[in-house]
Amino acid sequence: MPESERCREVRELIPELAMGVASGESRARGLAHLADCVDCRRELEEVSGTVDALLLLVPEREPPAGFDVRVLAALEQRAPRHRIRTGLLVAAAMVLVATLAAGLTWWRGADDREVADDYRSVLSTADGSYLRAADLQLDGASAGSVFAYQGRPSWLFMSVEDAPNGTYHVRLVGTDGRVHWIGTCTVRDGTGSWGTSVDLPIRSVDRVEMYGTRLPTIVASLRG
Amino acid sequence: MAVSDESLLAAMATGDQDAAAAFVRRHQARVYGLALTVVQQPALAEDVAQDTFVKAWRHAATYDPRRGSASTWLLSITRNAAIDAIRYRHDDPMDPDLLVALLTVRDEGDTSDDTDTNLALRQALAELPSEMAAPIVLMTYFGLTAREIAARDDVPAGTVKTRVRRGLQRLRERMGVRDA
Ligand SMILES: [Zn+2]
């Protein structure tokens, strides 16, 4: 698909992405493109800014008396979380983003909702440079997405959306042509997801390939 | 003279209860106001508002001032908590046209200074046709997807997406020329 056409498709999704209401599947598709496209990321930032401004229009209301006392009593029982180093935060958030990409629906719970906001910070923190996303291709059609994060550790996550059922062996082919078998991904009801940390620098991965007995080959190119 | 939100949040990240007290008192009306608007029930709104401050306390270290003001950060936490609450209870959202009316008229009880951006945005929202404003508020405040709004209003989902996108574009343009 030409880039402009894909941009048009993703722009349609951006309001829902900015408001954190996109379904898991469209979010995965959107993220795969946003990781690579600076223009669409800027659009997401701008729309998010408008949404943030809208929330500020709501009239203020004083809560019932004693509210602050009750809140402070609740806080005493929960210690704040320690500051996480940016790299770890990005990695952690990306793992969560990957979980979302697997098709979890957004109303599952508060943690999931927090992630919806987090991917914005992830994309802006990593500025897309440490994050690669690519389509899994099966006979020229999309069969899901691969996300690769360059960090310590680097990791890779795949979300298969439309492929024959079975167990696929997953391998990385380096830019030097060397092959690294990294594990297996099981597809049921046409979908599956799997992730792992990888020792190879993401930059030196040429492509991800999935093979199985009596199963078609699925490939995602990470080059470029 | 007043301590900035950034400093309060930084102190909260180290477990400073006094900073938390100041932060809660400063923001409670805004947070409770949004919670009440979304869930429409005082007792539930209070739970949501409390939940919001607990989250802000626990995640104070992740607040990044480069990404937006503390109010914006706090309100997006409030919004998500409130939406989770109504989703969980399967409550119907408020009539979107009523909410638009509520947002576009400045509240008399609100004594805080309205910024130029707020004024421009209120006016822009008031001038937006209802077919654009309604889905925007349903999505922004109640977390409905384009598909859900489409089913509710009996229009194609693509139409809803286009209206939301164009509507947001108009709002953005008007916010950009707020000094005119
Ligand atoms: Zn694009």
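**Exercise 1. Work out which geometry the site of the zinc ion has, and which atoms form it.**

Step 1: Find the donors, meaning N, O and S atoms within 2.8 Å of the metal (3.2 Å for Na, K and Ca); water is not among the atoms, so sites may look incomplete. In this predicted model, the zinc ion has the protein donors Cys7(A) (SG), His33(A) (NE2), Cys37(A) (SG) and Cys40(A) (SG), at 2.0 to 2.3 Å.

Step 2: Check the angles. Four donors count as tetrahedral if all angles lie between 85 and 135 degrees. Here the angles among the four donor atoms are 101 to 116°, so the site is tetrahedral. For four tetrahedral donors the ideal is 109.5 degrees.

Step 3: Read the spacing along the chain: C-x25-H-x3-C-x2-C.

A note on conventions: residues are numbered from 1 along each chain as its sequence is written, and chains are lettered from A and ligands numbered from 1 in the order in which they are written. Local features need pLDDT of at least 70, side-chain atom pairs count only at pLDDT 80 or more, totals for chains, interfaces and linings use all residues, and side-chain values use heavy atoms, with hydrogens and water left out.

**Exercise 2. Decide whether His33(A) and Cys40(A) are buried or exposed.**

Step 1: Take the cut-offs: buried is under 20% relative accessible area, exposed over 50%, partly exposed in between (1.4 Å probe, protein chains only).

Step 2: Apply them. His33(A) has 4% relative accessibility and therefore counts as buried; Cys40(A), at 0%, is buried too.

Step 3: Follow Cys40(A) into helix H3 (residues 38-55) of chain A, where the buried residues also include Leu44(A), Val47(A) and Leu54(A). Helices (H or I, at least four residues) and strands (E, at least two) are DSSP runs, numbered from the N terminus.

**Exercise 3. Find the residues that touch the most other members of the largest nonpolar core.**

Step 1: Define the core: buried Ala, Val, Leu, Ile, Met, Phe, Trp, Tyr and Cys residues joined through side-chain atoms within 4.5 Å.

Step 2: Look among its 85 residues; those touching the most other members include Leu54(A), Phe23(B) and Tyr141(B). Helix H2 (residues 17-39) of chain B gives the largest share, eleven residues.

Step 3: Zoom in on Tyr141(B). Not counting residues up to four places away in sequence, its contacts (heavy atoms within 4.5 Å) include Leu54(A), Val58(A), Leu34(B) and Ile83(B).

**Exercise 4. Describe the secondary structure of chain B.**

Solution: Chain B has nine helices and zero strands. Of its 180 residues, 52% count as buried.

Conventions: Four donors count as tetrahedral if all angles lie between 85 and 135 degrees; four count as square planar and six as octahedral if opposite donors are over 155 degrees apart and all others between 65 and 115; anything else is irregular.
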